[in-house]
Amino acid sequence: FIAAGTNVEFKMPLGSYRVKFASGFKWYGLDHLFGPDSAYSYVPTQLDFTVDGTMTSGHSLELIPQVGGNLETPKMTAKDW
């Protein structure tokens with residue numbers, strides 16, 4: 001859970017990841033997320049975190065809708081989430 005208006009930073013283990021997330025206004029916990037009004041989205045491209053010699057590559061995500069942003073986040077159903 002990441003509260004609106006806050007920043008979170010953490011290191012990811014090396015590997016490839018698919019990102020999906022839920023959003024909403026009132027948090028009901030891990031079992032119910034944001035309740036019946038939960039909105040579900042995903043990032044259609046795989047995110048890779050790699051190391052090549054001394055160079056580490058990863059990603060930084062801003063989950064804030066932005067005009068001209070470069071992160072596509074299509075909607076998905078709760079069943080597919």
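Me: To start, is Glu72 buried or exposed?

Reply: Glu72 counts as exposed, because its relative accessibility is 53%, where exposed means over 50% relative accessible area, buried means under 20% and partly exposed is in between, using a 1.4 Å probe and protein chains only. Before going on, please note that this is a predicted model, in which local features need pLDDT of at least 70 and side-chain atom pairs count only at pLDDT 80 or more, while totals for chains, interfaces and linings use all residues. Residues are numbered from 1 along each chain as its sequence is written, and side-chain values use heavy atoms, with hydrogens and water left out.

Me: Ok, and where is Glu72 found, and what does it touch?

Reply: Glu72 is found in the loop between E3 and E4, where the E labels are strands of at least two residues, taken as DSSP runs and numbered from the N terminus. Not counting residues up to four places away in sequence, Glu72 touches Tyr42, Val43 and Pro44, and such a contact means heavy atoms within 4.5 Å.

Me: What about Gly58, where is that?

Reply: Gly58 has its place in the loop between strand E3 (55-57) and strand E4 (75-76), and it is partly exposed, with a relative accessible area of 44%. Leaving aside neighbours within four places in sequence, Gly58 is in contact with Asp48 and Phe49. The C-alpha atoms of Gly58 and Met12 are separated by 8.3 Å, although these residues are 46 residues apart along the chain.

Me: Switching topic, which residues make up the largest nonpolar core?

Reply: That core has 5 residues in all, namely Val19, Phe21, Val43, Leu47 and Phe49. Strand E1 (15-23) and strand E2 (39-52) each supply at least two residues of this core, and the largest share, 3 residues, comes from E2. A nonpolar core here is a set of buried Ala, Val, Leu, Ile, Met, Phe, Trp, Tyr and Cys residues joined through side-chain atoms within 4.5 Å.

Me: And which residues is Leu47 in contact with?

Reply: If we leave aside its neighbours within four places in sequence, Leu47 is in contact with Gly15, Ser16, Tyr17, Val19, His59 and Leu61.

Me: Now Ser38, is it buried or exposed?

Reply: Ser38 is buried, with a relative accessible area of 12%, and it is found in the loop between E1 and E2.

Me: What does the side chain of Ser38 reach at 3.0 Å?

Reply: The side chain of Ser38 reaches the backbone nitrogen of Phe34 at that distance, and a polar atom of the Ser38 side chain also lies 2.8 Å from the backbone oxygen of Gly35. Beyond residues up to four places away in sequence, Ser38 touches Ser23, His32 and Leu33.

Me: Leu33 came up there, so what is its phi near?

Reply: The phi of Leu33 is near 50°, which is a positive value in a residue other than glycine. For background, most residues other than glycine have a negative phi. Leu33 lies in the loop between E1 and E2, and at 10% relative accessibility it counts as buried.

Terms used:
Helix = DSSP H or I, 4+ residues; strand = E, 2+ residues; numbered from the N terminus. Polar contact = N/O pair within 3.5 Å; in protein donor to acceptor, adjacent residues only side chain to side chain.
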